[in-house]
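Work through the exercises below with the sequence and the 3D structure in view. Try each task before reading its solution.

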Protein chains: 2
Amino acid sequence: MPGVSSLNALIEALKDGLPINKVLISRSRHDAKIATVVRMCRELRIVFQFVPAEAVERKAGVKNQGVYAEIAPVSFFSLDTVLADAKTGLVVILDNIEDTGNLGAMIRSAAAVASDAVLVSIRNSAPVNETVWRTSAGAMGKVRLVQSRNLAMDIEKLKKAGFWVVATDPHAKMNFYDFDFKSKTAVIFGNESKGVSPLLKKNADQLLAIPHAQGVESLNVSAAAAIILYEAWRQKKG
Amino acid sequence: MPGVSSLNALIEALKDGLPINKVLISRSRHDAKIATVVRMCRELRIVFQFVPAEAVERKAGVKNQGVYAEIAPVSFFSLDTVLADAKTGLVVILDNIEDTGNLGAMIRSAAAVASDAVLVSIRNSAPVNETVWRTSAGAMGKVRLVQSRNLAMDIEKLKKAGFWVVATDPHAKMNFYDFDFKSKTAVIFGNESKGVSPLLKKNADQLLAIPHAQGVESLNVSAAAAIILYEAWRQKKG
């Protein structure tokens, strides 16, 4: 299990709302920063425990700063669980998103519109780790994440479960706001420079464009995701 | 004038569409990367010039790689010019955006909806530099940028020119899609953690919220900007 043993990093992690299981604090240390950690743990209702210096040392090494926090590993769901349990009928598929900032922002937007799940391709994507937790502002804990070994197969599964699968494509003939998102829909967003993979585009039921002013490049992928997911949510809410 | 003298950085800058005035190439160098630079300059119609080694040395130092590219400085407009010339009646105000990625993505979204201008507060904002050019995917050259020394004063100016000034606020009673964006509108987006400054919120004609699922934090600021700017654009286009 990953851990945080620097005092400054721990205070940042507490501020950022990282999923912390337990904080161990050495009984022999007393300073302002340790007091801050104790106060924050109390406020945030995070379990903390005063332990002998040796207990911290075993986890954090000899040159420790008197604290050790266990970070909860990210929990992933299976696509089957998600499908059995779908509520809003909106699934987000992230194909090869390389930037952790984009990944976090997109998971945050997906959570904001109560998506049933976010599928993240394992290959070629930024790792779904504590950095993404931070860039998602903790939203990573508010939406079900599915690690996909094979997006093409998972897309077939979604189709069989009655989902319409759409992909963003700057050259698509249909604009996103002309699509009917009221049915169960899975939306694929693709790589920052290459867009959605050709195979996945081919497998999609519909390609959707976001119109933009002439002479301007397409949008940043997390901006595109926010726009489309909010349109889907608005239509679903009626 | 800023310059690029590393071969790899220059190739990246050409790929990223950085605004390059001229590339100097030493006559005494011949290798695959220099050939790439020449080919890219031809394709992109960027002026390049073969010069004596000393001419590159004068710009790039003794340990140069045989190239030197002058980057065009970012050009800023005055608010008066922008107001005299407003076409779409949509102005974006960026109050204290600290992250260059967000700044670039927001300028890109502003350009995509043909905003008349983007005002960026000089104080406490990320500098509008080459990194932002890159994160904006070159959109920084497609929309008028105004450096604001005093956003409160510029907002008054916008109001006098007939603009409605709105600010995003998670606690606002009105949802963004209930606002009428057809009139001339300036939208303020605020700092990543603190939101729009209290003074600017007080000066705004209307505060707007983006609704989201319960238990989820507000959106990333560049996602919020994309959603609101696209709604404004859609309304304006009718």
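A salt bridge is a side-chain nitrogen of Lys or Arg within 4 Å of a carboxyl oxygen of Asp or Glu. The model is predicted, so local features need pLDDT of at least 70 and side-chain atom pairs count only at pLDDT 80 or more, while totals for chains, interfaces and linings use all residues. Residues are numbered from 1 along each chain as its sequence is written, chains are lettered from A and ligands numbered from 1 in the order in which they are written, and side-chain values use heavy atoms, with hydrogens and water left out.

**Exercise 1. Salt bridges**

Task: State how many salt bridges a search of the whole structure finds, then describe the one between K87(A) and D85(A) and the one between E156(B) and K159(B).

Solution. 

Step 1. Over all chains, the search gives 19 salt bridges. Side chains of opposite charge can pair when their charged atoms come close.

Step 2. In chain A, the side chains of K87(A) and D85(A) form a salt bridge with an N to O distance of 4.0 Å. D85(A), at 32%, is partly exposed.

Step 3. In chain B, E156(B) and K159(B) are joined by a salt bridge of 3.8 Å, N to O. Helices (H or I, at least four residues) and strands (E, at least two) are DSSP runs, numbered from the N terminus. Both residues belong to helix α7 (residues 151–160) of chain B and are three residues apart, about one turn of the helix. E156(B) is partly exposed at 34% relative accessible area, and K159(B) is partly exposed at 25%.

Step 4. Salt bridges with shared partners also link E231(A), R234(A), E231(B) and R234(B) into one network. Exercise 3 returns to it.

**Exercise 2. How the chains are related**

Solution. 

Step 1. Two copies of a chain are related by a rotation about an axis and a shift along it.

Step 2. Contact means heavy atoms within 4.5 Å. Both copies use the same surface, since 100% of the contact residues of chain A recur in chain B.

**Exercise 3. The interface**

Task: Describe the interface of chain A and chain B by its residues, its area and its salt bridges.

Solution. 

Step 1. Chain A gives 28 residues to the contact, and chain B gives 28 residues.

Step 2. Buried area is the accessible area (1.4 Å probe) that two parts lose on being put together, summed over both. Between chain A and chain B it is about 2,400 Å², with 61% from carbon and sulfur atoms. R108(A), Y230(A) and R234(A) supply 23% of the area that chain A buries against chain B, more than any other three residues.

Step 3. The rule finds two salt bridges across this interface. One of them joins the side chains of R234(A) and E231(B) at 2.8 Å, N to O.

Step 4. The elements giving two or more residues to the side of chain A that touches chain B are α5 (100–112) and α9 (221–237) of chain A. The most come from α9(A), with nine residues.

Step 5. Within chain A, R234(A) also meets E231(A) in a salt bridge of 3.6 Å, N to O. These two lie in helix α9 of chain A, three residues apart. R234(A) is partly exposed at 24% relative accessible area, whereas E231(A) is buried at 7%.

**Exercise 4. A serine in a strand**

Task: Is S26(B) buried or exposed, and which residues does S26(B) touch?

Solution. 

Step 1. S26(B) is in strand β2 (residues 20–26) of chain B.

Step 2. Its relative accessible area is 2%, so S26(B) is buried.

Step 3. Leaving out residues up to four places away in sequence, S26(B) touches V51(B), A53(B), V56(B) and G66(B).

Methods
Buried means under 20% relative accessible area, exposed over 50%, partly exposed in between (1.4 Å probe, protein chains only).
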